[in-house]
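Hi,

Here is the structure I said I would pass on. Have a look at it first, and my notes on what turned up follow below.

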Amino acid sequence: MSGRPFHVPVMLEEVVSLFAPIQDGVIVDATLGGGGHTKALLTRLDNSVSVLGIDRDPSAIDRMFAHERLQLAVANFGHLDRVLASQGLDEIAGVLLDLGVSSHQLDKAERGFSYRHEGPLDMRMGPDAARTAHEILNEAPPTELARIIRTLGEERFARRIAGSIVEHRPIETTARLAEVVRQAIPAATRRSGGHPARRTFQAVRMAVNEELTNLSAGLDSGLDALRPGGRCVAISYHSLEDRIVKRRFRRGEGRAPGPVLPVPPPVELAALARKAIRPGEEEVLRNPRARSARLRAVEKVA
């Protein structure tokens, strides 16, 4: 098996261990990236296990290794139900969701994801995205911009940042956006908490790619397609993603959040870990981008 991975797989040993009991069937790697998780699953699981690798970024599929037990599809995992139908899969043995943006995408200046590299305001994970970051930043009204930055970036200065973006339009590059955001944030705040544009870039990227909408849809489709004994593993990198995963898993476990319902929800899932699994210190030292990762896993019981 060959191929040059461009995304360091996070919590690889934990992922392989959680899928190890699966002895046959198809595991869907719904966010293929550099293929690190998939390569380990094909190498270390039973030969009766195959993988369907999905990524909305055609470059990820183009760079993927060839393997007799690996099928590939360029697709958005938010449309997982359609992908499974197109592959003739009525049920699957497992589904892996490694969320967020890949190291390869972050490090490619021309993709426009990074506030540290000069590049165009693109931020699309795949060509299926309806709008680029440039369109959102230069065309959206200030109220929409403020909502995006506040809700998806959890940025307390969202209104000030949105106003500054509108004032300085047109904004053409990532470097210019980063500078406009930096100037909008009070000087005392800039001196702590990392790069001042980090939350705004996260918010715009998530809006461009409709990440939370796709996560909810893909998670539902993946869990619906799991056979009894099948497993779902989800790795998230910030609180909004983790909240969606946690609530969906708890609902499947019969522990719906909020007020007590008159009729308890049906139990379809069993948690495979009492709480979110975090990467160890050694992994974080090797791969600092793993620091914020949270892994949750469930098994289908009905």
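This is a predicted model: local features need pLDDT of at least 70, side-chain atom pairs count only at pLDDT 80 or more; totals for chains, interfaces and linings use all residues.

Glu210 sits in the loop between α11 (198-209) and α12 (211-225). Its phi is near 50 degrees, which is a positive value in a residue other than glycine.

You'll find Met123 in the loop between α5 (103-107) and α6 (133-139). With a relative accessible area of 0%, Met123 is buried.

One more backbone item while you're checking torsions: the peptide bond from Arg169 to Pro170 is cis, with omega near 0 degrees. Pro170 belongs to the loop between α8 (158-167) and α9 (174-184).

On to the sheet. Seven strands make an open sheet, with mixed pairing, in the order β3-β2-β1-β4-β5-β7-β6. At the edges are β3 (70-74) and β6 (269-271), each of which pairs on one side only. From one strand to the next, the twist averages 20 degrees. Strands β4 (residues 92-98) and β5 (residues 226-236) run parallel and are joined by 6 bridges. If you want a residue pair to look at there, Val95 has Cys232 in β5 as its bridge partner.

How many cavities of 30 Å³ or more does a search of the whole structure find? The count is 1, and about 400 Å³ of space lies in the largest cavity. There are 32 residues lining the largest cavity, and the closest to its centre are Thr31, Asp98, Leu99, Gly100 and Met125. α12 gives the largest share of that lining, 4 residues, while α2 (36-44) and α12 each supply at least two. By type, the lining residues divide into 12 nonpolar, 13 polar and 7 charged.

Over to you!

Definitions and conventions:
Residues are numbered from 1 along each chain as its sequence is written. Side-chain values use heavy atoms; hydrogens and water are left out. Buried means under 20% relative accessible area, exposed over 50%, partly exposed in between (1.4 Å probe, protein chains only). On a 1 Å grid over the protein atoms alone, a cavity is a set of points where a 1.4 Å probe fits but cannot get out, and a pocket is an open set with protein on both sides within 12 Å along at least five of seven lines; lining residues have an atom within 4 Å of a point. Grid points are joined across faces, edges and corners, and a volume is the space filled by probe spheres set on the points. Ala, Val, Leu, Ile, Met, Phe, Trp, Tyr, Cys and Pro count as nonpolar, Asp, Glu, Lys and Arg as charged, and the others, Gly among them, as polar. Two strands pair if DSSP finds at least two bridges between them. Axes are lines fitted to C-alpha atoms, for helices over the stretch in contact, and angles run from 0 to 180 degrees between N-to-C directions.
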